[in-house]
Amino acid sequence: MNERDRGTRWYAEVTRQQWTVLLIASLGWVFDTFEGQVYVSSMNEAMPDLLPGMDRMGAAERAGRLAYFNNIAFGAFLVGGAAGGVLFGVLGDRIGRVTTLSITIATYSAFTFLSSLSMTWWHLVAFRFLVAMGVGGEWAVAAALVAEAFPRKARSWSLAIFHASSVIGTWLAIGVGAFIVARGAFILPLAGTPSVASWRVGFATGAVPALLILVIRRKLRGETQAWSRSRKAFKGRTGRAAELFGPALRRRTLVGIALASIGLATFWGVHIYGKDLLRGEIEARLPEPDPSRADGADPEGDRFALLKRWEMLGMLLASTGGGAGLLAFGGLAEALGRRRAFVLFHVVGFGAAVLVFQAISSPVGLMVALPVFGFFTVGMHAGYAVYFPELFPTRVRSTGTGLCFNVARILAAPVLVASGWMQRDLGMTMRSAASLLSLLFLPGAAVIAAGPETKGTDLPE
């Protein structure tokens, strides 16, 4: 790093057009995350509506059955993300980042809306698979776009901001859970029409992000110079996935897949259950509702709304801490290097998870601990946006980034099935299952040692 680099802030030479690229890519990722997390904020209402006989089961049997089918839906989401990440990653290298970005946003918007029309559990699972195809593809293409648009000094910071914007999508999903799903049902303003389950209304809001396509087509009229040069130099022979497993790139590809597999397995098998801790502790302290009240009140409905809002508060605390961790990763990756930053987050993430699931049970303690838990169990995900585009040359950057992040979804999917199986068939509590799966953070700290340190290097051409 020369003296001029030391004396200027990372954003000093960023142009208005580069900020526009970051804003649009981040908005795509915001809505991408929303489409994924809106299921998390409504899964305890949507899936029971689509499973027959749930009302005749005892509490333990109901909880185990619900965990099992929710984890099938999560598994379908991960596999769909893998398929979409590879497909759209290749497409991004072949037809361009900007065009492919629009296609992925149209995909996840349409199928999230269609999820609201599900009539049985496998409908919802199938739609989750199709939503995930757009979700997986959008991240890979947008990460490559931002990496190529920004100068070297600003790259890790801009990509950390890009990935950290996901917390806004999670907040939007929390808002849907707290203010739409918690209502239970909506009465349509049409005479003679039945009420609509509020989780269906929540999914229907997923159509809104499609409007972002209009902004993309207006503001991003051309491709990045790096992509255009690569397209010309290789005469269209770009996006060849087989090249990722050739001698030059195989090691980098395998490191990327391993890192993302651990990150996604711990996110869906550990992090998302943080939101249920606060609700569980409040529920354990509430008296059972008295259905014999004669004052016209709806004790079951009031209890449902109260618990749902406590659940959403837990999700808000963990996701806000996660957003701070994502933002922090960019600066730490510049200060410590990419590899040391990954080690820090994996090791401390393991400790934070064990502490939250095994040692803290009071609501006040959880409200203090959940942001710290979120910071370290999610923060390393920004590293995938920073690190993966730096591993691959331009001609396969979108393909390699998408393959690493999204093939990992397939490898992470069995972990989710195992989590549901442990709770349904082995009778393990959610706390015990999540604690056991948190051991996966530790291999993540070792895997990164096999990857190159890319701090301070130019993107490979």
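User: How much volume does the largest pocket have?

Analyst: The largest pocket has a volume of about 1,500 Å³. This is a predicted model, where local features need pLDDT of at least 70 and side-chain atom pairs 80 or more, while totals for chains, interfaces and linings use all residues. Residues are numbered from 1 along each chain as its sequence is written, and side-chain values use heavy atoms, without hydrogens or water.

User: What counts as a pocket, though?

Analyst: On a 1 Å grid over the protein atoms alone, a pocket is an open set of points with protein on both sides within 12 Å along at least five of seven lines; in a cavity, a 1.4 Å probe fits but cannot get out, and lining residues have an atom within 4 Å of a point. Points join across faces, edges and corners, and volume is the space filled by probe spheres set on them.

User: Which residues are closest to the pocket's centre?

Analyst: Of the 41 lining residues, Arg 62, Ala 63, Leu 66, Arg 279 and Glu 283 are the closest. Helices that give two or more residues to this lining include H3 (43-50), H4 (59-95), H13 (274-285) and H14 (299-336). Helices here are DSSP runs (H or I, at least four residues), numbered from the N terminus.

User: Which helix gives the largest share?

Analyst: That would be H4, with twelve residues in the pocket lining. By type, the lining has 18 nonpolar, nine polar and 14 charged residues. Asp, Glu, Lys and Arg count as charged, Ala, Val, Leu, Ile, Met, Phe, Trp, Tyr, Cys and Pro as nonpolar, and the others as polar.

User: While we're on H4, is Asn 70 buried or exposed?

Analyst: Asn 70, which sits in helix H4, is buried because its relative accessibility is 4%, and the cut-off for buried is under 20% with a 1.4 Å probe on protein chains only. Skipping residues up to four places away in sequence, Asn 70 touches Tyr 39, Met 43, Asn 44 and Met 47. Touching, or contact, means heavy atoms within 4.5 Å.

User: New topic! How many cavities of 30 Å³ or more are there?

Analyst: The structure holds one, with about 440 Å³ of space in the largest cavity. Its lining has 28 residues, and Thr 33, Gln 37, Ser 166, Thr 170 and Phe 267 lie nearest the centre. The helices that give two or more residues to this lining are H2 (16-40), H8 (166-179), H12, H14 and H18. The cavity lining divides into 14 nonpolar, eleven polar and three charged residues.

User: Where is His 271?

Analyst: His 271 is in the loop between helix H12 (250-269) and H13. It is buried, since its relative accessibility is 8%.

User: Which side chain does it make a polar contact with?

Analyst: The side chain of Thr 377, at 3.0 Å from that of His 271. A polar contact pairs N or O atoms within 3.5 Å; within protein, one must be able to donate a hydrogen and the other to accept it, and residues adjacent in sequence count only if both atoms are side-chain atoms. Leaving aside neighbours within four places, His 271 is also in contact with others, among them Ala 318, Phe 373 and Val 378.

User: And how far is Val 378 from Ala 164?

Analyst: Their C-alpha atoms are separated by 9.8 Å, although the two residues are 214 apart along the chain. Ala 164 lies in helix H7 (residues 152-164) and is buried at 5% relative accessible area. Not counting residues up to four places away, Ala 164 touches Gly 323, Leu 326 and Leu 327.

Methods. Buried means under 20% relative accessible area, exposed over 50%, partly exposed in between (1.4 Å probe, protein chains only).
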